[in-house]
Amino acid sequence: MIAWDIRWLGVTLAVSAGFVTAIGAMGQDPPAKPIGKNADRIRPYAKNARYWQYRGKPVLLLGGSKDDNLFQIPDLRDHLDAMARIGANYIRNTMSDRPDFGFEVYPFFKRSDGKYDLERWNPEYWRRFSEMLRLTYDRSIFVQIEVWDRFDYSQSRWPIHPYNPANNVNYTFEQSGFRREYPNHPGANDQPFFFTTPDQRDNKVVFRYQQRFVDEMLQRSLPYPHVLYCMDNETSGDEKWGAFWARYIRQKAAAMGVDVFVTEMWDDWDITSKTHLRTLDHPELYNFVDVSQNNHNKGQTHWDRFQQVRAYISRRPRPINTVKTYGAAGGPFGSGADGIERWWRHFIGGAAGVRFHRPDSGIGLSEPAIASIKAGRLLESRVKPWLTEPANHLLNDRTPDEAYLTAKPGELYALYFPRAGSVGLDMNGVRGDFTLRWIDIGKGEWGPTARITGGSVVPITTPGAGMWAATVTR
């Protein structure tokens with residue numbers, strides 16, 4: 001368990017670049033200015049806006065990690081090193097503080113009487129956050145921050161939370177409009193915490209502390225060039241809430257002179273539904289997309305819905321990430337095999353970022369996840385996904401969910417087989433010889449190699465049982 005940093009030199013309020021922050025012993029100080037050139041920050045790839053670039057070069061985000069609020073874990077450095085060794089470069093970091101495992105801390109100062117003071121920070125919380133930003137930057141691991149997580153403020157977590165008036169010295173139940181308990185699932189949307197903004201109920205009492213929290217987060221994160229922002233975790237709430245914070249973050253970034261990329265994550269499992277149009281129809285606000293909830297689907301439906309969304313935004317293409325890939329043995333959302341299949345369908349299907357969700361809802365950075373990430377990097381070494389497009393129409397004799405293809409016809413092909421299978425690859429009109437290289441997804445290793453010749457429909461048959469990927473290149 002990480003020891004608390006108990007140094008505190010008092011609190012002085014100051015305004016700097018539009019931020020209100022508490023100056024004192026805040027642990028590790030944030031960078032004084034943006035790191036590097038604005039053009040070098042993560043942003044849609046100039047030559048294919050469906051993917052990301054960093055420092056001017058295209059980058060594919062592949063990940064798997066063991067916790068949601070990753071900045072709080074005691075062995076963060078070791079965990080990030082393990083990711084970097086196998087080619088993982090993408091994490092999810094909720095700003096959550098719920099004490100699920102005992103090592104988490106709240107962002108607010110706890111007085112000797114046990115009450116929290118929302119006007120003062122807990123320096124250890126922000127030290128951990130700053131350290132996570134620095135360590136990931138040093139390793140070129142990209143961070144997708146989730147600013148708010150609805151599960152922090154309902155059910156068993158609300159009675160002990162600092163925002164609960166029973167636990168702080170800053171406002172009463174009457175002043176805040178809060179109740180002592182919110183026993184329903186947060187999807188019921190009966191927690192007024194998510195209705196405070198000026199565009200909603202304009203709850204000035206609570207909103208000032210929420211704004212102060214976001215300001216401190218941005219003071220520390222906006223200078224870094226490797227950070228993306230998602231407003232909520234699988235929300236089904238009022239769209240005005242997330243839209244307010246998306247605009248707020250973009251305004252703060254603009255004031256700092258940097259570009260920033262934001263999205264919202266909706267809870268609706270059908271990503272083609274009207275709910276998701278709140279993001280898809282507003283590229284001027286949400287300049288990338290996260291469709292993690294598609295990972296509640298399986299098989300051909302999982303692929304088809306992702307492709308529908310991809311086609312829907314084709315007039316103004318943006319990167320599509322899936323930061324939470326569900327599926328793990330004993331978990332509530334399908335098997336581990338389901339999780340790996342979902343990860344690979346999105347990868348082959350044109351996602352800019354794919355990550356295995358933490359246990360027990362996902363396989364995290366387990367051995368099967370490591371093998372898939374290694375296999376994904378092997379495929380990328382031969383076929384750059386940003387040079388290809390999903391191309392299942394070039395597969396003959398394919399049954400639903402048998403195989404998936406992305407291609408630059410005549411030059412590059414990459415296939416994914418969820419299980420042993422055989423399809424025909426239409427190479428009519430394509431001249432010359434090609435190398436077929438198999439990738440054993442279960443091992444994360446190269447498999448057999450063969451030579452094939454264009455000019456016809458070429459049979460492609462997996463070399464054994466299990467999941468396989470393949471590259472076909474000149």
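**Close-up views of a predicted model**

S292 counts as buried because its relative accessibility is 0% (buried means under 20% relative accessible area, exposed over 50%, partly exposed in between, with a 1.4 Å probe and protein chains only). The model is predicted: local features need pLDDT of at least 70, side-chain atom pairs count only at pLDDT 80 or more, and totals for chains, interfaces and linings use all residues. Residues are numbered from 1 along each chain as its sequence is written, and side-chain values use heavy atoms, with hydrogens and water left out.

**View 1. Surroundings of S292.** S292 is found in the loop between β13 (289-290) and α7 (299-312); helices (H or I, at least four residues) and strands (E, at least two) are DSSP runs, numbered from the N terminus. The side chains of S292 and D290 are joined by a polar contact of 2.6 Å (a pair of N or O atoms within 3.5 Å; within protein, one must be able to donate a hydrogen and the other to accept it, and residues adjacent in sequence count only if both atoms are side-chain atoms). A polar atom of the S292 side chain also lies 3.0 Å from the backbone nitrogen of V323.

**View 2. Start and end of helix α5.** Just after α5, G257 takes a positive phi of about 85°. Among the buried residues of α5 are W241, F244 and W245.

**View 3. Charges over rings.** The charged end of R201 sits over the ring of F195, 4.2 Å from its centre (NZ of Lys or CZ of Arg within 6 Å of the ring centre and within 35 degrees of the ring normal). For R278, the charged end sits over the ring of W266, 4.7 Å from its centre.
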